Amino acid sequence: MSAPVVLITGSSSGIGLATAVAAARAGFTTVATLREPARARELTEAAGRAGVTLDVRRLDVTDAGSVAACLAGVAETHGRLDALVNNAGVSNSDPTLEMSTMAALRANLEVNFFGVIAVSRAALPLLRATAGRLVTIGSVHGVVGQPFNEAYCAAKFAVEGFMESLAPVAAAHGVRVSVVVPGYVPDTRFGVFPDIDRTTVQAASGPYAPTFADYLAWVGGQGWEAAGQPAREVAEVVVRTLRAERPAFRVPTNAWAAAYLEQKLADPDGATVQTLANTWIGRPQGLSG
Ligand code: NAP
């Protein structure tokens, strides 16, 4: 039998790049896709160092024509698709909801939610034919809300709800659906914008600046940045999920992420997380303050 075929979105950097290399090393025929083929150098150099070959193709998850053309090309070249990894994602550059625009908020959902749905929808007929795997990179912030990151969290929450709803239906037709849930992964391009850093963002956050400062202090202190893990570790979790006979629906990528999720998942009415999040933004008195 030929090697299983996996398609990964957003492979130009970070978790997608690491997953493409790890999947190829694990024996998958790997279709590493990116929205801008001119940005393939880092990917092809990493593949070269690892001694693996990738099938590099263009795929912009927000462009219906590009999604359809890529999936048709994979079917034509490989004759099958055994797994999809929805990895492509973008962060916010706006400091606060009030300073953002509806266009910017919609653009975030367009990649992080509708992009995932568009590629999954196009891939499902091929995945049904192979009893394949549909894996999406979620986030701990797709379960626990993150101050100052509302649109991103909304998109990742939507992905969780969408995939949780799809999972039993897809499984009934042979396709296993999982969401892999990292915490903080520093060695990526996520949240890196030319000319924008935390100082400029905070300066632009108007009346929210003191609250923003308290939140950044928490993030860099005992918050989620204290528990980063490398992209290659996340990639290994993705590959294990692709190969598992019965992968879990939600797969935290380390013990820290699992413990973070448990705060919410054992919290049916949301009070615990709201109280915690208040302390992250300098309101230790929580909901009563
Ligand atoms: P990254 O290095 O910025 O990678 C994001 C990838 O998505 C890039 O390859 C980017 O391509 C691609 N992308 C953006 N818009 C796209 C589009 N319209 N079509 C196709 N590809 C597009 O960041 P990363 O951390 O590896 O992010 C990967 C995933 O992990 C995301 O879903 C993110 O939400 C999730 N995640 C990240 C962290 C973290 O701390 N880094 C934590 C939890 C979850 P370009 O090069 O063309 O921009």
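1. This is a predicted model. The ligand has 29 residues around it, and those that come nearest are Ser12, Ser13, Arg35, Arg39 and Tyr152.

2. For Ser13, a polar side-chain atom sits 2.7 Å from a ligand oxygen atom. For Arg39, the corresponding distance from a polar side-chain atom to an oxygen atom of the ligand is 2.4 Å. The backbone takes part as well: a polar backbone atom of Gly89 is 3.3 Å from an oxygen atom of the ligand.

3. How much of the ligand does the protein bury? Taken alone, the ligand exposes 900 Å², and 94% of that is buried by the protein.

4. By residue class, the shell around the ligand holds 12 nonpolar, 12 polar and 5 charged residues. Helices α1 and α5 each supply at least two residues of this shell.

5. On the fold: an open sheet is formed by 7 strands, paired in parallel, in the order β3-β2-β1-β4-β5-β6-β7. The edges are β3 (55-58) and β7 (250-252); each has a single partner strand, so one side of each has no neighbour in the sheet. On average, neighbouring strands are turned by 20° against each other, direction ignored.

6. Within the sheet, β1 (residues 5-8) and β2 (residues 29-34) form a parallel pair over 4 bridges. In this pair, Val5 of β1 stands opposite Thr29 in β2.

7. The two helices named in point 4 also pack on the sheet. Helix α1 (residues 14-25) touches β1, β2 and β5 (133-137), and its direction makes about 170° with that of β1. Helix α5 (residues 150-172) touches β4 (83-86), β5, β6 (176-181) and β7, with its direction at about 155° to that of β6.

Technical notes:
Residues numbered from 1 in each chain as written. Predicted model: local features only at pLDDT ≥ 70, side-chain atom pairs only at ≥ 80, totals over all residues. Heavy atoms only, no water. Pairing = 2+ DSSP bridges. Axes fitted to C-alpha atoms, helices over the stretch in contact; angles between N-to-C directions. Contact = heavy atoms within 4.5 Å. Near = heavy atom within 4 Å. Polar contact = N/O pair within 3.5 Å; in protein donor to acceptor, adjacent residues only side chain to side chain. Areas by Shrake-Rupley, 256 points an atom, 1.4 Å probe, with all protein chains shown as cover. Nonpolar A, V, L, I, M, F, W, Y, C, P; charged D, E, K, R; others polar.
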